[in-house]
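User: Hey, can we go through this one together? I'd like to start with how the chains meet.
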Amino acid sequence: MKYSGMTARSFVEEDVDHSDFYTRLYERMDEIKTLGLHRKLELKQIKQGELNGLPFTLKDSICSKDDPTYAGSKILEGYRPPYDATVAMKIKEAGGNIFAKTHQDEFAFGTGSLNCAFTTPKNPWDEERCCGGSSGGAAGLAASLDLPHINLGESTGGSISEPASFCGVVGLTPTYGLVSRHGLISFANSLDKIGPIARNVEDVALGLDIISGKDRKDQTTVGTSEKYTEALGEDVSGTRIGLPEGYFEISDEEVSETVLKATEELEDLGAEITKVKMDMTEASLPTYYILAPAEASTNLARYCGMRYGMEDKIEGSFKDYFSKIRGKGFGEEVKRRIMIGTYTRMAGYRDKYYVKALKVRQKIIDDFKRVFKKVDILAAPTAPIVAPKIEELRKMKPVEQYKLDKLTAPVNLAGMPQISIPCGFHKKMPVGLHLMADHFHEKSILKLAHAYENRRGKIDYPGI
Amino acid sequence: MKDEEIDRVASTASIRLTEEEKKLFKKDMENILEWFSRLDEIDTQDTEPAFHPIDVKNEMREDKVEESLDRDEAMKNTKNKEDGFFKGPRIR
């Protein structure tokens, strides 16, 4: 059986000898270990069922019962959750196997996965460059593991799209509330979204089929779940595509040109392209960097050296003990964001920062709603640059690093679905085309991405 | 930003910082807060805050006892426990 290059969807449909396949999978995982993308899990038993034993990876912040789950943080080192996240349960019930956790920025705070406490994931296209973040390991694995599988990542402000773009793979961020967050180690409750990352559109659609749906363990799930794979192959002519002003101008010229060329191909497929003006793009990034750390600073209050994770000899007052453990267990960026998030919610500053940002967020949502009355889909570069060198990124100041989220923060604040799909190269590194749509219009972006992918043809992934 | 302010934020967040970290975060926060001030220019007088991107409804379930985590399972991730209880530092 030739597994190399097989899609997850074909794997589900074909009769595969599992013992043989999983041996090959684990060998391959050892071969690509030097990239620092994953932590292998032992499978006690290989499940089959409806998904025919399809392999999955989970971002390190998604809980699966008894499997190491550290969210990229020293403060959770050794943690083995006593329960499954809803997405993990859905995978297992459908007959999939979770064979690895993928590395990420600590608590998903980062744009290059450089803030991971355990390793720095390297980009399979150029090992001196980063994978993007925060779901960097997941995107890197999709690019380097040439065997059928699906990776689950998570996005708060662009953490699926951006690494997918940097690694030349497909990443889908669903509408907020389409996929249950139960069992996801929270970053920011009103922004976190779990979504699939794979080499092709079919496989991310399959991933979404499996994980979406109402969950009584997550009040924010909305319960409109469809069969997303069914949308693929439908006609896309007449689709109204908007190119948002500002998104192309701030990107590297070559990145913009590559994406514009891709939109011309969409036009050849029958789509209608127009330029659209958006008013809230500039305001989105500071809004995001107020709201996300504000929510994170309350979520991260639970890590205090009790019940799970990092512990010490219990002595002194609770304030001394908690402060000591947290000072020791959290990395620099986590402390920085907790400090910022605490400050913007404090008496005297709350209205100026936190409440103000919540109001601006409503204006950002309104801005998208207005534009989606005129066009069906927005198309833009996913990230303004290609994957930067790890050393260059390390030298950047916090605000400069935050600016890498400039094109993904707006749509993430609005909780609207988005897909990043590779559309060419610059400096021998992949460039991502970002397609965004109104709430619950996953099918429109999936079918357009699929039509584009068929026209673009196959990508030659680097051999490792 | 004054030094005392950094201490107050760190204390509210219960994080012990080293002197170097305090210096670093003070500089970074000044920089980041200045960047945040750009939002002052946006008129939000007639706008309500958006706590969620979509409408989220509060749903109640029937008040019925359901299966929950086994006590030993729930406690297996810590050494600091006694007689089926988690052990923590003194509150004073």
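Analyst: Contact here means heavy atoms within 4.5 Å. It's a predicted model, where local features need pLDDT of at least 70 and side-chain atom pairs count only at pLDDT 80 or more, while totals for chains, interfaces and linings use all residues. Residues are numbered from 1 along each chain as its sequence is written, chains are lettered from A and ligands numbered from 1 in the order in which they are written, and side-chain values use heavy atoms, with hydrogens and water left out.

User: OK, how many residues of chain B are in contact with chain A?
Analyst: 58 residues of chain B, against 74 residues of chain A. The area buried between the two chains is about 5900 Å², with 64% from carbon and sulfur atoms. Buried area is the accessible area (1.4 Å probe) that two parts lose on being put together, summed over both.

User: Which residues in chain B lose the most area to chain A?
Analyst: B:Trp35, B:Leu39 and B:Pro53, together 12% of what that side buries.

User: And how many salt bridges between chain B and chain A?
Analyst: The count is 7, taking a salt bridge as a side-chain nitrogen of Lys or Arg within 4 Å of a carboxyl oxygen of Asp or Glu. B:Lys76 pairs with A:Asp66, for instance, with the closest N and O atoms 2.3 Å apart.

User: Switching to chain A: what does the domain assignment give?
Analyst: Domain 1 (8-278 + 379-456) and domain 2 (281-365); the bounds come from an automatic or database domain assignment. Their centres, taken over C-alpha atoms, are 25 Å apart.

User: What is the area buried between domain 1 and domain 2 of chain A?
Analyst: About 2900 Å², 65% of it from carbon and sulfur atoms. On the domain 1 side, A:Ile75, A:Tyr402 and A:Leu413 supply 27% of the area buried against domain 2, more than any other three residues. There's 1 salt bridge between these domains: A:Lys406 with A:Glu282, closest N and O atoms 3.5 Å apart.

User: What does A:Phe368 touch?
Analyst: Leaving out residues up to four places away in sequence, A:Phe368 touches A:Tyr247, A:Met278, A:Leu378, A:Pro410, A:Val411, A:Ala414 and A:Met416.
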